[in-house]
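Visitor: Could you walk me through this structure? I'd like to go piece by piece.

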Amino acid sequence: MLNLVLFGPPGAGKGTQSDLLKNKYELVHISTGDVFRGLDPNSDLAKLAKSYADEGNLVPDEITIKILESEVQKHSNIKGVIYDGFPRTTAQAEALDTFLTSKGTEVSMMLSLVVPEEELKKRLLARAEVSGRADDADPDIIQNRIDTYNSSTAPVAAFYKAQGKLKEVKGVGSIEDIFERLCSAIDS
Ligand code: AMP
């Protein structure tokens, strides 16, 4: 199985590139952010997740790990998965390793999109015009998401680096150029 962790700060282009990669490599795309946003808005779980997301904070690990595992369990006989926006903490990365090992597979590689902070802020504010997401529209919340990424999520790269699975990819340029770089990293 090809299990790709597509990593990077908010606004790095993970969702855009996941759509292209899933078609090329025939993978299932799992975005925990999309899963949270897709929950029945009246459910307690959706309200809880939204209370964290709207402020730019991470949903607690225990909830996120359960959601991710149940999402993966929905699929069988697949070629692989793109994990987009998961894992975002070292505890989540450890849980994913344990979970995949129990299924007889493992993370193939982490592809980390590298984008300067100023570019991220520009992209998120532009995305707010079409996404309608509260967490894209407010510069303070954007800053909190970036700070949370730097403090809690960036260390996850070291977790995969220690396993020899980290590949960094420049996430600036045209969508097609970035996609080409990702494909070369996957195929090499
Ligand atoms: P995203 O769509 O990836 O930008 O995620 C939007 C929001 O959903 C994040 O700011 C978090 O509040 C929440 N979220 C998504 N994935 C995770 C995760 N792996 N761990 C914790 N919170 C998450």
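**A strand residue, then the ligand**

Guide: Start with Asp84, which lies in strand β3, residues 80-84. Keep in mind that this is a predicted model.

Visitor: Is Asp84 buried or exposed?

Guide: Asp84 counts as buried, because its relative accessibility is 7% and the cut-off for buried is under 20%.

Visitor: What does Asp84 touch, leaving out residues up to four places away in sequence?

Guide: Asp84 touches Leu6, Lys14, Gly15, Ser18, His29, Ile30, Ser31 and Thr32. Phe7 is 77 residues from Asp84 along the chain, with 6.8 Å between their C-alpha atoms.

Visitor: OK, the ligand. Which residues come nearest?

Guide: There are 15 residues around the ligand, and Thr32, Arg37, Asn57, Gly85 and Gln92 come nearest.

Visitor: Which helix gives the largest share of that shell?

Guide: Helix α2, residues 32-38, with four residues. By type, the shell has five nonpolar, six polar and four charged residues.

Visitor: Which atoms of Arg37, Val59 and Arg133 lie by the ligand?

Guide: For Arg37, a polar side-chain atom lies 2.9 Å from an oxygen atom of the ligand. Arg133 also places a polar side-chain atom by a ligand oxygen, at 3.0 Å. With Val59 a backbone N or O atom is involved, 3.0 Å from a nitrogen atom of the ligand.

Visitor: And how much of the ligand does the protein bury?

Guide: The ligand taken alone exposes 480 Å², and the protein buries 95% of that.

Visitor: New topic. How many aromatic pairs are there?

Guide: The count comes to two aromatic pairs. In one of them, the ring centres of Phe7 and Tyr149 are 5.7 Å apart and the planes are at 45°, so the pair is tilted.

Visitor: Where do those two sit?

Guide: Phe7 is in strand β1, residues 2-7, and Tyr149 is in helix α8. They are 142 residues apart, so the pair links distant parts of the chain. Both Phe7 and Tyr149 are buried.

Visitor: What about Phe159 and Tyr160?

Guide: Their ring centres are 5.1 Å apart with planes at 80°, so that pair is edge-to-face. Phe159 and Tyr160 are both buried.

Visitor: Back to aspartates. Where is Asp136, and where is Asp138?

Guide: Asp136 is in helix α7, residues 134-137, while Asp138 is in the loop between α7 and α8.

Visitor: How does each one count: buried, partly exposed or exposed?

Guide: Asp136 counts as buried, at 0% relative accessibility. Asp138 counts as partly exposed, at 30%.

Visitor: What is Asp136 in contact with?

Guide: Leaving aside neighbours within four places in sequence, Asp136 is in contact with Leu124, Leu125, Arg127, Ala128, Ser131, Ile142 and Arg145.

Visitor: Now the backbone. Which peptide bond is cis?

Guide: The bond from Phe86 to Pro87 is cis, with omega near -5°. Pro87 has its place in the loop between β3 and α5.

Visitor: And what is the phi of Glu26 and of Asn77?

Guide: Glu26 has a positive phi of about 55°, although it is not a glycine. For Asn77, also a residue other than glycine, phi is near 50°.

Visitor: Where are they in the chain?

Guide: Glu26 is found in the loop between α1 and β2, and Asn77 lies in the loop between α4 and β3. Glu26 counts as exposed at 51% relative accessibility, and Asn77 counts as exposed at 83%.

Terms used: Residues are numbered from 1 along each chain as its sequence is written. This is a predicted model: local features need pLDDT of at least 70, side-chain atom pairs count only at pLDDT 80 or more; totals for chains, interfaces and linings use all residues. Side-chain values use heavy atoms; hydrogens and water are left out. A residue is near a molecule or strand if one of its heavy atoms lies within 4 Å of it. A polar contact is a pair of N or O atoms within 3.5 Å; within protein, one must be able to donate a hydrogen and the other to accept it, and residues adjacent in sequence count only if both atoms are side-chain atoms. Accessible areas come from the Shrake-Rupley method with a 1.4 Å probe; for residues, only the protein chains shown count as cover. Ala, Val, Leu, Ile, Met, Phe, Trp, Tyr, Cys and Pro count as nonpolar, Asp, Glu, Lys and Arg as charged, and the others, Gly among them, as polar. Buried means under 20% relative accessible area, exposed over 50%, partly exposed in between (1.4 Å probe, protein chains only). Contact means heavy atoms within 4.5 Å. Rings of Phe, Tyr and Trp (its six-membered ring) pair if their centres lie within 6.5 Å; planes under 30 degrees apart count as stacked, over 60 as edge-to-face and the rest as tilted.
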